[in-house]
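Here are some notes for a colleague opening this structure. Please read them with the model on screen.

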Amino acid sequence: MAELECRGVVKSYGDRVVLSGVDLTVPEGTLTAILGASGSGKTTLLRLLIGFLAADAGTISIGGRTVADAGGVHVPPDKRAIGYVAQEGALFPHLNVAENVGFGLARPERRGERIGAALDLVGLDRTYAGRRPHELSGGEQRRVALARALAPRPAVVLLDEPFAGLDASLRAETRAAVLAALASADATAVLVTHDQAEALSTGREVAVLREGRLVQTAAPDVLYRAPADLDVARFVGEAVVVPGQAAAGTVVCALGTLRVRGAPVEGPVQVMIRPEQIRLIDGEERGVVATVLGASFFGAETVLRLELADGSGTGVSARTFDGAGARAGDEVRLSVTGPVTVYAPGEARA
Amino acid sequence: MHTEHERERGDRRDPAREQAKTDTPGRQHLPSIGDDPASDNARIAARSANRDDWLVVPSVSSFVPVRRRAALPRGLLAACLLTSLLVVIPVVVTVVQAFEGGWGAVRTALAARSTGTLVLHSVEVAAVAAPLCAAIGVAAAWFVERTRLPGRRLWAVLFVAPLTIPAFVTSYAWAGLGTSLQGFVGAAGIVAFTYYPIVYLLAAVALRGLDPALEETGRSLGLNGRQVFFRVVLPQLQPALLGGMLLVVLDALIEFDAFVGLKFQTFSFDVYAQYQLGFSASGAAALSFASMVLCVVVLFGEAQLRGDANYTRVSQGARRVAERQELGRATVPALAVCAAIVAISDGIPVGMLVHWSTQSSHAALASAGGNLKYLFPATLTSLEVGVAAAAVALVLALPVAVAAVRYRGARVTVLERATYLSFALPDLVAAIALAYAASHYVRFLYGSFFLLVFAEGVLFLPFAVVALRATFGQLERSLEESARSLGSGPLASFWRVTMPLARPGVVAALVLVFAFTLGDLGTAQVLLPVDLYTLGTEFNTNSSTVAFAAAAPFAGVLIALAVLAAYVLMSRFGSVRSLAVR
């Protein structure tokens, strides 16, 4: 399968600019998750890729073939060799599973092995072939939708919030099945979502879309640990931000002297720490003293809301595995593990 | 509040909230298709919006995100243009005809004192009948769709039947009740009780599509059942009401068949008289200017009423079926109301038919016997014309309905509205215009079966468009899009996905046009090939000579077909093929 590439894609409705120059490259055989909040333009981008919409400027190529450019090239969706998994699956209600999966196949192929193979790919038993969409669970419907998209061997598969509306356990199971199917089909895929956990856990790369622009495209761990700015940091996860003074690869802040990730910087900075980097420690002398304001218990982990006892009133939160016993008013000692990311002061928009 | 709200959305700090949103059924398409910063409001507003295709929601239009729609494909545009052109032919021909007699004739016709009176008559009838239709139609739809009224399916058929019973049959039946109805009251009454089913059908679709959660929310906010109806349900029926009343008003302005027995002097009646008396064609055509102006004024006025609201359609999602209301002690009064509606609208024509058939004047019976041999050929011709006209209307209406549902925009609105111009002329005038055009420009069509079929198809085109839109509006766009992404072209996707799912709506459109054609008199009288006769023309011939017993068998067949059509309409109008229950 082939790769997908966008260069300088612009789209506006009237005077409202929805996408202002999107560059995206999805390498062959990988899945890129596009993560964006409501209104970020992610669905518009997806619809441009599929061909339901025409871009105002920029080029889109699929498998090395230009399918849209400003010069008037606009290959219609049915000629783009893309697979599309709509939200909720959008199975054809008047067709059974096999007819749905075979929809995009040429007539002779519909009687062949391909339909069964596509069902195998998504981990559905072949006995499902005769069932009607309304007889399937939500998760099964998504799998059939993916099988249908994969059956004609598309160059690129586009998934629009494929797990939305599924409950937590079904979501995990369906996600695993979908990822396995995409991997074994060696598919190049783009998944659009507003759910950061979903994006981080599915994509080889995650592209963050904000106000019509891709602000960062990176591997999930890079994105999470070294976000391009504080907004992205807050968007992809919870962040504790405190002021600090950087020098020679370290930063001094209310939480101690911490190692700085990446190139050394000097002077006043904002320090971004992930709550799970903050640990409770035993022992009398070490660490930073803080008072517990409240605790939220999530089972495996407990999130503590804390206020540093240095009189600054700085609030932080800590995601801990051992804080279940903490009560409001308790005094605890904290330390920060691992390097932190720093930003120039005043950079964050929020 | 606002900033906090925005920040939270930007930060995505609250996974639980996000999850909750994600899991709300029915929201799937909106937020992401909408993708609008005003999204939360828009989402709620749009969700609460009525899902039927009329869906125009003036009150929330400012929130509703701009819908991204692909440009209207050229082929579809061409098809819509063709339909509009065909609809406009009679109008253009009539204008040309009117001016053939020169300005003088036009001025004379328009300045005649009677013209103003006649136009006023038509306007008054429309003004009284339309609200009546709305009230009756909504009440009937509410009883059938939302209550546990006993015998709902039977009531549904009976509520639809007045529309399919030929108006001229109803008209003679009302006239038979006595002279007291031969005036404004009779005219307004007959229009109201013949055309309320239009509102009924549209309101029933809207009620079926309503999210019960909205009513429940209304109740939880302290509103009682009646308040919920007026403050939650009725506002959402507004598009259906406006759409239905528009059709009623347009129809009432040019109605002829319904007044044929009552001899009520409306403007199309006068036009008819002019032609009968052989006055100058141009003078009569000039008279039609009044109806053209009225038609355009009404179309424009209705558009203003709707405002420039965005048409919004919300994905269906998993919606619960609404709980039906227990009527309890109100059951008997409710049944009485329904029975009264049915007694007036169905009872009068059917009762009069029975009365006619049992009249035992020997002369009448003799001629009735003699006439029976015409019954079969007349039925056959009527069926042929009806089926062919329905097919013509369907073919012409399909592109317009698809464009109206899938590619909304100013251009499409104009094209769709253009189909309503078949209401611009009394059907008689339109028929004469077509005959005139055929005799001058396409001689081989003149007096042909095809010309009649074409005229009937075009005349009832707006009803076909309405029926198709009501169904297409229910279909999720993502189904067609999935088909496109799987390599099917636009036509193939339409054929393989849209049509199979929309089959009930297509059937409803066909049946609607079929029934109207069967019940049409004016057009048939002008364009029917000389050697043919239909149930309608035979009925009219006989009833004109007051040989009602002779006319009865023709009316009987017409009413039987009408009830059959009503049954089909009741069960299929505005619905999508049901697959959940097999």
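1. Start with the core. The largest nonpolar core has 290 residues, and A203(B), A397(B), A464(B) and V513(B) touch the most other members. A nonpolar core here is a set of buried Ala, Val, Leu, Ile, Met, Phe, Trp, Tyr and Cys residues joined through C-beta atoms within 7 Å. Buried means that 20 or more other C-beta atoms lie within 10 Å of a residue's own; exposed means 12 or fewer, and partly exposed is in between, with C-beta atoms placed from the backbone. Helix α10 (residues 184-209) of chain B supplies the largest share of this core, 18 residues. Domain 1 (4-232) and domain 2 (238-343) of chain A each give at least three residues to this core.

2. A word on the source. This is a predicted model: local features need pLDDT of at least 70, side-chain atom pairs count only at pLDDT 80 or more, and totals for chains, interfaces and linings use all residues. Residues are numbered from 1 along each chain as its sequence is written, while chains are lettered from A and ligands numbered from 1 in the order in which they are written.

3. Look at V513(B). Not counting residues up to four places away in sequence, V513(B) touches A389(B), A390(B), A393(B), G457(B), F460(B), F463(B) and A464(B). Contact means C-beta atoms, placed from the backbone, within 7 Å.

4. Now chain A as a whole. Chain A has nine helices and 20 strands. These are DSSP runs, numbered from the N terminus: helices are H or I with at least four residues, strands E with at least two. The C-alpha atoms of chain A fill a box of roughly 75 × 50 × 35 Å, taken along the principal axes. Of the 350 residues in chain A, 48% are buried.

5. How far apart are the C-alpha centres of domain 1 and domain 2 of chain A? They lie 38 Å apart. The domain bounds come from an automatic or database domain assignment. Four residues of domain 1 of chain A are in contact with seven residues of domain 2 of chain A. The domain 1 side of this contact has two nonpolar, no polar and two charged residues. For these classes, Ala, Val, Leu, Ile, Met, Phe, Trp, Tyr, Cys and Pro count as nonpolar, Asp, Glu, Lys and Arg as charged, and the others, Gly among them, as polar.

6. Next, an open sheet. Five strands of chain A run in the order β13-β12-β11-β14-β20, with antiparallel pairing. Strands pair if DSSP finds at least two bridges between them. β13 (256-259) and β20 (341-343) of chain A are at the edges with a single partner strand each, so one side of each has no neighbour in the sheet. Inside the sheet, β11 (residues 240-247) and β14 (residues 267-273) of chain A pair over seven bridges. V240(A) stands opposite I273(A) in β14(A).

7. β1 (residues 4-13) and β2 (residues 16-26) of chain A pair antiparallel over eight bridges. They form a hairpin with two residues between them, and G14(A) in the turn has a positive phi of about 60°. K11(A) has L19(A) as its bridge partner in β2(A). β1(A) is also joined by five bridges to antiparallel β4 (residues 57-62) of chain A.

8. Last, G287(A). G287(A) lies in the loop between β15 (278-280) and β16 (288-297) of chain A. Is G287(A) buried or partly exposed? G287(A) counts as partly exposed because there are 18 C-beta neighbours inside 10 Å.

Notes. Contact = placed C-beta atoms within 7 Å.
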